Amino acid sequence: MPNISQLSINLATIRERCTISQALDLVARLGIPAVSPWRDQIAQVGLKATVKQVRELGLRVSGVCRGGMFPANTQLEWEANLEGNLRALEEAVELNADCLVLVTGGLPKGSRDLVKARKQVEEGVSWLLERSIPAGIQLAIEPLHPMYCADRSVVNTLSQALDLCDVLGDGVGVACDVYHLWWDPDLQTQIARAGQSRISAYHICDWLQNTRHMLLDRGMMGDGVIDLPLIRSWVEETGYCGFHEVEIFSQDNWWKKEPEDVLRTCIERYQKCS
Ligand code: ZN
């Protein structure tokens, strides 16, 4: 039997051609042990129904995507952002997720104040930690490639995310996504610095040499330029033994294919190329 005991599927990977219910059934039928759903997918059927199906299928949840998006221009907006994070936390709790992934948010509309946005991220995660620690949920700050700094995440390197973790203390780690981090000359050092205790999630896909869309053209493992076995070895050297979560946004390729074919390819490439 192929060893896929650490494989997880981020459900964004098959989001376009099946519902969350179909996706969960399919993942379980193929013997994949874990998933990571997005909040809009959970909302398709509601939290209760999602939890019920996940439990009945015996699936683990490697993470809930996502909380974060903290920076705001006004108090009202700030409070709404925090409120959204509470809902995300509740979903992670009910699904017994390994972590709540945080994409921290970019600059609020019209702002050029990057320092302030980063300060707001620190305050936001700190606020959320006061709730996530008693709830028993690990937070995972996901640094995003610098090209997303304006609109999605003002946290852009593993080093920066770990600095934030140092300030914030226990209960928060990092989500290491190869798509965002592979180019970083400091990656090996920073993965070692994170160590087992602060690597809360490990996301895999590939970077296509000829990337056509900066958000929606991720590659399948083996189709791009990332040395996945090398990065995996760095991650595993820390003692990390959590899930390896395949997360592929691919509007012109994988999202158009039959979900079952996509998942079969994920299994094959996970074993062969990562
Ligand atoms: Zn990711």
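First, a definition: on a 1 Å grid over the protein atoms alone, a cavity is a set of points where a 1.4 Å probe fits but cannot get out. A pocket, by contrast, is an open set with protein on both sides within 12 Å along at least five of seven lines, and lining residues have an atom within 4 Å of a point. Points are joined across faces, edges and corners, and a volume is the space filled by probe spheres set on them.

Two notes on the source. This is a predicted model, so local features need pLDDT of at least 70 and side-chain atom pairs pLDDT 80 or more, while totals for chains, interfaces and linings use all residues. Residues are numbered from 1 along each chain as its sequence is written, and side-chain values use heavy atoms, with hydrogens and water left out.

How many cavities of 30 Å³ or more does a search of the whole structure find? One. The largest cavity holds about 40 Å³. Its lining includes Cys176, Asp177 and Tyr202. β7, α7 (178-181), α8 (187-198) and α9 (228-237) each give at least two lining residues. Helices here are DSSP runs of H or I, at least four residues; strands are runs of E, at least two; both are numbered from the N terminus. By class, that lining has eight nonpolar residues, no polar ones and one charged. Nonpolar means Ala, Val, Leu, Ile, Met, Phe, Trp, Tyr, Cys and Pro; charged means Asp, Glu, Lys and Arg; the others, Gly among them, are polar.

Which strand gives the most to its lining? That is β8 (residues 199-204), with four residues. Others in the lining include Ser62, Tyr240 and Glu245. Here the classes are six nonpolar, four polar and two charged.

Next, the zinc ion. Its protein donors are Glu142 (OE), Asp177 (OD), His203 (ND1) and Glu247 (OE), at 2.0 to 2.2 Å. Donors are N, O and S atoms within 2.8 Å of the metal (3.2 Å for Na, K and Ca); water is not among the atoms, so sites may look incomplete. The four donor atoms make angles of 82 to 147 degrees, and the site is irregular. Asp177 sits in β7 (residues 172-177) and Glu247 in the loop between β9 (244-246) and α10 (259-273), so this pair ties together parts 70 residues apart in sequence. Both are buried, meaning under 20% relative accessible area; exposed is over 50%, and partly exposed is in between (1.4 Å probe, protein chains only).

Last, three residues. Phe249 is in the loop between β9 and α10. Phe249 counts as buried because its relative accessibility is 12%. Phe249 touches Trp38 and Leu215, among others; contact means heavy atoms within 4.5 Å. Ser36, in strand β2 (residues 34-36), is buried at 0%. Among the contacts of Ser36 are Ser62 and Glu245. Lys48, in helix α3 (residues 47-57), is exposed at 77%.

Methods
Four donors count as tetrahedral if all angles lie between 85 and 135 degrees; four count as square planar and six as octahedral if opposite donors are over 155 degrees apart and all others between 65 and 115; anything else is irregular. Lists of a residue's contacts leave out its neighbours within four places in sequence.
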